[in-house]
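The following paragraphs lead the reader through one structure, step by step. Please keep the sequence and the model in view while reading.

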Amino acid sequence: MIDQGTNFCMTKDGFHVLQNIQFADQKQNRIRSTLYTISHQMVTKVGDGSTTAVVAAFSFLKQMMAYTIENKSIRPKELNEKIQNVVEEVCKFIAKNAIPVNKNNLLDVVHNIANIASNDNKKYTDMITSIYEKLGMSCNINLTESSTFDDSVSY
């Protein structure tokens, strides 16, 4: 729950959490800023996965801390090289395992992604899938807050 002054926002999205927290410690804020940047890239380029990006970044940070403790210190250049190596390996893994989306598998892919993004909420999964079924790959979904508690789709 995020206190926004006059109201509260309930979220489980890592990007929105990172957007709304600040630490007193400068080092912690730098780490938060880095995680925010990673998360923002996920939201901008993929549309989802910011929490996964934060969890992965945290795991990477823990490994780097263990390496630093083991080796007493790490030079910034060496740290940057290690980070770049990880980025390259992750990109290779993603490229190798990516599933191209086309008109033949669009609805299956959208259904699976919507199911994950909605935390297995059948109603939202079906709504999103039906939008793509009707409009195809080039549709753009805009989410707006309803003045009621009803969920609906308008074209």
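Helix H6 has 14 residues, and from its first C-alpha to its last it reaches 20 Å, close to the 20 Å expected at 1.5 Å a residue. Helices here are DSSP runs of H or I with at least four residues, numbered from the N terminus, and the expected span is 1.5 Å times one less than the number of residues. The model is predicted: local features need pLDDT of at least 70, side-chain atom pairs count only at pLDDT 80 or more, and totals for chains, interfaces and linings use all residues. Residues are numbered from 1 along each chain as its sequence is written, and side-chain values use heavy atoms, with hydrogens and water left out.

Both ends of H6 deserve attention. Just after H6, Gly136 has a positive phi of about 85 degrees.

Which residues of H6 are buried? They are Thr125, Met127, Thr129, Ile131 and Tyr132, where buried means under 20% relative accessible area, exposed over 50%, and partly exposed in between, with a 1.4 Å probe and protein chains only. Their cover includes helix H5, contact being defined as heavy atoms within 4.5 Å.

H5 itself spans residues 106–117, 12 residues in number, and reaches 16 Å between its first and last C-alpha, close to the 16 Å expected at 1.5 Å a residue. Its buried residues are Leu106, Val109, Val110 and Ala114. Seen down the axis of H5, these buried residues fall within an arc of 125 degrees, so they line one face of the helix; the arc is taken from the directions from the helix axis to the C-beta atoms. An α-helix has 3.6 residues a turn, so residues three or four places apart point the same way. On the face of H5 turned away from the buried side are the exposed residues Asp108 and Ile116. The cover over the buried residues of H5 includes H6 (122–135). After H5 comes Asn119, with a positive phi near 55 degrees.

The largest nonpolar core consists of five residues, Leu106, Val110, Ile131, Tyr132 and Cys139, and H5 and H6 are the elements that give two or more residues to it. A nonpolar core is a set of buried Ala, Val, Leu, Ile, Met, Phe, Trp, Tyr and Cys residues joined through side-chain atoms within 4.5 Å. Leaving aside residues up to four places away in sequence, Cys139 touches Ile131 and Tyr132.

Other parts of the chain complete the picture. Ile99 sits in the loop between helix H4 (76–97) and H5, and Ile99 is exposed, with a relative accessible area of 61%. Ile99 and Met10 are 89 residues apart in sequence, and their C-alpha atoms are 33 Å apart in space. Gln63, in helix H3 (residues 50–71), is exposed at a relative accessible area of 55%.

Asn29, in helix H2 (residues 26–45), counts as buried at 17% relative accessibility. A polar atom of the Asn29 side chain lies 2.4 Å from the backbone oxygen of Phe23.

Methods
A polar contact is a pair of N or O atoms within 3.5 Å; within protein, one must be able to donate a hydrogen and the other to accept it, and residues adjacent in sequence count only if both atoms are side-chain atoms.
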